[in-house]
Amino acid sequence: MPGAALTNFLQLFISGACIAGAVKLWRSGLSKKYRALTSFLLFFCLYTLSILIFFRGLNSPAYRIYWYATQPLTWLLSVWLVLELYSLILEKHKGLATLGRWAQYVGFSLATLISFLVMMPEIRAGGHGSKAIFAYYYAVERGVDCGMLVFLIVILFWLTQYPVPLSRNVILHSFVYTILFFADSLGLFARVFFGKQLWYSASNTLTVVFALCILAWLLFLTPKGEEIRLRLLQFSADDEERVLAQLESLNRTLLRVSRR
């Protein structure tokens, strides 16, 4: 079947791009700075290869068990990746970074709790078996996604509002992961609200987006990209000095509070 052949090709491409990206980060020394991204790439290389080798279809009971076993790892890696992004953007503002991390922990916990409460009628109606397990997993995933959505918006707001110079790698990494996250969220939205049929028809498109994001990391995250500093906004000299002074004042205040 052409559809199955395309899916297999995309999975092979993703596996190869993931391992090539992880090796490139390791050989260039960037893996020390982008530990979460390196782990993310290695995990999805193994994940997609396992699907190709051990599972003939994504509807099989064996794959369902495999998905249940590996999905928590994807949540943990996604949360770690967002935390790493936040730390990279705020690496020179440790006070703000500390506050952001604690806010993120609280945000993830609240979002997951609220998601469970909202999903409770559906979980109870699902009874036992795979439907109930999927309802639990969906509640957690929706909570994790809501928490990540808030912080990705905060990250994009930071990048577009403050004239803080960041490396080209960090800016690229931020936008690539944001695109990947929103594509995955649209896929989940399609599955939940429009049924599996629409999700299956759109799955190859989402896989292509995933492959392009992996390719962007592979091609454009370079040692030279760490040296190139960029600002997304240009301020006048007076405005830039005023905004950065306010930022430094807030950062120092938060640092003093966190050390008490």
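Reader: Where is the place of I53?

Author: In this predicted model, I53 sits in helix 2.

Reader: Why is I53 called exposed?

Author: The relative accessible area of I53 is 59%. Exposed means over 50%, so I53 counts as exposed.

Reader: How do you know that the side chains of E226 and K33 meet in a salt bridge?

Author: The distance from N to O between the side chains of E226 and K33 is 2.5 Å. The cut-off is 4 Å between a side-chain nitrogen of Lys or Arg and a carboxyl oxygen of Asp or Glu, so the pair qualifies as a salt bridge. By this rule the count comes to one salt bridge.

Reader: What parts does the pair tie together?

Author: E226 is in helix 7 (residues 223-227), while K33 is in the loop between helix 1 (2-28) and helix 2, so the pair links parts that lie 193 residues apart in sequence. As a general point, side chains of opposite charge can pair when their charged atoms come close.

Reader: Why is E226 called buried?

Author: E226 has a relative accessible area of 17%. Buried means under 20%, so E226 is buried.

Reader: What does K33 count as, at 25% relative accessibility?

Author: A value of 25% falls between the cut-offs of 20% and 50%, so K33 counts as partly exposed.

Reader: How many residues does the largest nonpolar core have, and which have the most contacts inside it?

Author: That core has 54 residues, and those with the most contacts inside it are L37, F40, L41, Y47, Y177, I214 and W217. Helix 1, helix 2, helix 3 (61-89), helix 5 (130-161) and helix 6 (168-220) each give at least two residues to this core. Its largest share, 14 residues, comes from helix 3.

Reader: What does Y177 touch, not counting residues up to four places away in sequence?

Author: Y177 touches S78, L81, V82, L85, M148, L152 and W217.

Reader: What makes up the protein chain as a whole?

Author: The protein chain has eight helices and two strands. From the N terminus on, the order is α-α-α-α-α-β-α-α-β-α. Of its 260 residues, 43% count as buried.

Notes. Residues numbered from 1 in each chain as written. Predicted model: local features only at pLDDT ≥ 70, side-chain atom pairs only at ≥ 80, totals over all residues. Heavy atoms only, no water. Helix = DSSP H or I, 4+ residues; strand = E, 2+ residues; numbered from the N terminus. Buried < 20%, exposed > 50% of the residue type's maximum accessible area, 1.4 Å probe, protein only. Core = buried A, V, L, I, M, F, W, Y, C linked by side-chain atoms within 4.5 Å. Contact = heavy atoms within 4.5 Å.
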